[in-house]
Amino acid sequence: MIWDAEVQTEEEEAPGHVEAVNAIKIAPNGKFIISGGADRYLRVWDTVTGKQMRGFKAQDGEILSLDISNDSKTVISGGNDCVINVIEIADFSLDQALTDHSDCINCVKYSDNC
């Protein structure tokens, strides 16, 4: 299942990224992996089966970086659309968008004490 946040609907399932993958992170709880790429999607993968669990259009531009919170509940992403998004992993709802950047977001990282 792929969730389109702009129109709040599910789209048909895709086999994976259709463009370059730029960032991959294993969740601290070990249950899933999140990848982000040039196709603007974050994709959640099951660590046991290797199958895609969900996909979500997270940015309006290429995703360049991502990180997962220590409690494995949120993902932060940044890209060439100059926006940092904080997203709830359970339902892919946008928690916060930080939009005051004037150039690409090349790296995002949660603090170790979050």
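Two strands are said to pair if DSSP finds at least two bridges between them, where strands (E, at least two residues) and helices (H or I, at least four residues) are DSSP runs, numbered from the N terminus. The model is predicted, so that local features need pLDDT of at least 70 and side-chain atom pairs count only at pLDDT 80 or more, whereas totals for chains, interfaces and linings use all residues. Residues are numbered from 1 along each chain as its sequence is written, and side-chain values use heavy atoms, with hydrogens and water left out.

Strand β7 (residues 63-68) pairs with β8 in the antiparallel sense over five bridges, and within this pairing L66 has S77 of β8 as its bridge partner. The two strands form a hairpin with five residues between them, and S72 in the turn has a positive phi of about 60 degrees. On to strand β9 (residues 84-88), β8 again pairs in the antiparallel sense over five bridges, with T74 opposite E88 of β9; here the hairpin has four residues between its strands, and C82 in the turn has a positive phi of about 70 degrees.

Burial is defined by relative accessible area (buried under 20%, exposed over 50%, partly exposed in between; 1.4 Å probe, protein chains only). Six of the six residues of β8 (residues 74-79) are buried, so the strand is largely enclosed by the rest of the structure. Both of its faces are covered, with T74, I76 and G78 buried on one side and V75, S77 and G79 buried on the other.

In the loop between β7 and β8 lies S69, which is buried at a relative accessible area of 5%. Leaving aside neighbours within four places in sequence, S69 is in contact (heavy atoms within 4.5 Å) with P28, T74 and Y110.

A salt bridge is a side-chain nitrogen of Lys or Arg within 4 Å of a carboxyl oxygen of Asp or Glu, and by this rule there are four. The table gives three of these pairs, among them two that involve D67.

| Salt bridge | N to O distance |
|---|---|
| K25 and D67 | 3.3 Å |
| R43 and D39 | 3.5 Å |
| K109 and D67 | 3.8 Å |

K109 lies in the segment after β10 (93-98) and D67 in strand β7, so their pair ties together parts that are 42 residues apart in sequence. Salt bridges that share partners join K25, D67 and K109 into one network, in which D67 is buried at 4% relative accessible area, K25 is partly exposed at 27% and K109 is exposed at 56%.
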